[in-house]
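Let's walk through a protein together, question by question. Have a look at it first.

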Amino acid sequence: QVQLVESGGGLVQAGGSLRLSCAASGRTARYYAMGWYRQAPGKERDFVAAISWSGGDTNYADSVKGRFTISRDNAKNTVYLQMNSLKPEDTAVYYCAAGGSMTPNNYWGQGTQVTVSS
């Protein structure tokens, strides 16, 4: 079993930056791929980014390529999402996920709100 707790969300102006963190607990947490998804009001949950258990492979949605960077620190069992050049359309609840593929979806965090004002 893996537990995920996100932090770092908030309100930021367009063009600004935020860094989300996701702390994982559980004996096998460090062996899972980790990822981020987001869900805007009235919309489906969308994939944002993922990173392999070793950190050697990453995957991004086209909408965030070049602006967002996913990374992980296995010593701390934590994955990060650095978000730069934020746009109002990035506003959503961001969810951390863990699983066995590069679209991980076996375990979920509770979500953290990101709001980008124009």
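Strands (E, at least two residues) are DSSP runs, numbered from the N terminus. This is a predicted model, where local features need pLDDT of at least 70, side-chain atom pairs count only at pLDDT 80 or more, and totals for chains, interfaces and linings use all residues. Residues are numbered from 1 along each chain as its sequence is written, and side-chain values use heavy atoms, with hydrogens and water left out.

Q: Which residues make up the covered face of strand β7?
A: In a regular strand the side chains alternate between the two faces of the sheet. Strand β7 covers residues 68–73, and its uncovered face holds T69, S71 and D73. That leaves the covered face to F68, I70 and R72.

Q: Which residue in the hairpin of β7 and β8 takes a positive phi?
A: Strands pair if DSSP finds at least two bridges between them, and six bridges join β7 to β8 (residues 78–83), running antiparallel. Four residues sit between the strands, and the one with a phi near 50 degrees is N77.

Q: Which residues do salt bridges join into one network?
A: A salt bridge puts a side-chain nitrogen of Lys or Arg within 4 Å of a carboxyl oxygen of Asp or Glu. D90 makes one with R38, at 2.9 Å, and one with R67, at 2.8 Å. Shared partners therefore link up the network, whose members are R38, R67 and D90.

Definitions and conventions
Buried < 20%, exposed > 50% of the residue type's maximum accessible area, 1.4 Å probe, protein only.
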